Amino acid sequence: MRQKDAFGYSRRRGGRRPVARDASMIRTLDDAEIARVLTYERLIPAMERALTAFSQGEVTQPVRNVIPVEQGQRYLGVMPAVMSESLGAKLVCFYPKNAAAGLPTHLATIVLFESETGHPLAFLDGRRITEMRTAAVSAAVTRRLASPNARVLALLGSGVQAQAHLEALRHVGRFEEVRVWSRNPAHAQQFASRHGARAMEAEAAVRGADVIVTATHSAEPVLRGEWLKHGAHVNAVGACLPTWRELDDAAMRDSILIVDSREAALQESGDVILSQAAIFAEAGEVFAGTRHVPRDATTVFKSLGLAVEDIASARLVYDAITASSST
């Protein structure tokens, strides 16, 4: 299968089939172990490879199944994917109401299997992987779509994803000014103090910005197209339900729209569904060079998060940890 080469994996070594492992070799990898090996330097290119394989039809992945626990407040997502070397699934609890109590809004577990034998390899804490792979995908897309002279970054939202995006985007751009807005001004000011940013109103933050990230739990638009300068790039990573949105019609319709998955965007993204904006390409098509976006275009990347990103990240972590423990 083509996906065997897409990720740089090898199913066999020396012509031998994989050796069966016993159940005692199944690993449980906690957040501290994952934090030691998962870096944006490795993760950003891994996400490019994963999404390229996805858009080329080399990954089997249904749209996530979202089960309401409490409508509008608590959800369980089931996200399976089959790749060349690995397969698995993420179970993720999306609890927006946790934010009010200072608790994580996303909690997840990933189970990783070997594709060749079906042997379970590991159970991984999914919180950090979800956080970092989301930002890594945005960074990979930003590197392809944003102006190479981008210097001003605006963050709408001041939570976990805003912080992750700030770190990841600094790997692909040289931002001289970082602006931040939050519906809670105190949170924006705290974020600004920690990260050398400027807390501002949303419109002021967006006007003149080269790269904008929307990372909120808003059900109504927080970014208006009239605020965007020509050639700006937006990473829209919040509003992951079909009735929620972060961007207004003008922002969606007057920009070139890139998504991680057409099928998922047309089922899950309120920004896409409610605006009826035309999808130009998937990110994997841009990475593969089969769809070309002018560098001076105004662009929006609508990110929903895909299981293939989680499984590729989990495999990256698993391989790094097993390699280090064998030396």
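This report walks through some salt bridges and helices of the structure above.

The structure is a predicted model, in which local features need pLDDT of at least 70 and side-chain atom pairs count only at pLDDT 80 or more, while totals for chains, interfaces and linings use all residues. Residues are numbered from 1 along each chain as its sequence is written, and side-chain values use heavy atoms, with hydrogens and water left out.

**Salt bridges**

Let us start with charged side chains. A salt bridge here is a side-chain nitrogen of Lys or Arg within 4 Å of a carboxyl oxygen of Asp or Glu. The structure holds 23 of them, including these pairs:

| Pair | Closest N and O atoms |
|---|---|
| Arg 64 and Glu 268 | 2.9 Å |
| Glu 177 and Arg 198 | 2.5 Å |

Where do Asp 210 and Lys 229 lie? Asp 210 is in the loop between α7 (202–206) and β10 (211–214), and Lys 229 is in the loop between β10 and β11 (233–236), so their bridge ties together parts 19 residues apart in sequence. Helices (H or I, at least four residues) and strands (E, at least two) are DSSP runs, numbered from the N terminus. Asp 210 is buried, with a relative accessible area of 12%, whereas Lys 229 is partly exposed at 33%. The cut-offs are under 20% relative accessible area for buried and over 50% for exposed, with partly exposed in between (1.4 Å probe, protein chains only).

Arg 64 and Glu 268 are both buried. For Arg 198, the relative accessible area is 46%, so this residue counts as partly exposed. Salt bridges can also join up: Asp 31, Arg 127, Arg 128 and Glu 131 are linked in a network of them.

**Helices**

Now to the helices. Helix α12 (residues 307–325) has 19 residues and reaches 27 Å from its first C-alpha to its last, close to the 27 Å expected at 1.5 Å a residue. That expected span is 1.5 Å times one less than the number of residues. Of the 19 residues of α12, 14 are buried, so this helix is largely enclosed by the rest of the structure.

At what angle do α3 and helix α4 (residues 127–145) pack? The angle is about 75°, and their axes are 8 Å apart. Axes are lines fitted to C-alpha atoms, for helices over the stretch in contact (heavy atoms within 4.5 Å), and angles run from 0 to 180 degrees between N-to-C directions. This makes α3 roughly perpendicular to α4, a label for angles of 65 to 115 degrees. Among the contact residues are Leu 43 and Met 47 of α3 and Ala 136 and Val 137 of α4.

Terms used. Parallel < 35°, antiparallel > 145°, perpendicular 65-115°, else oblique.
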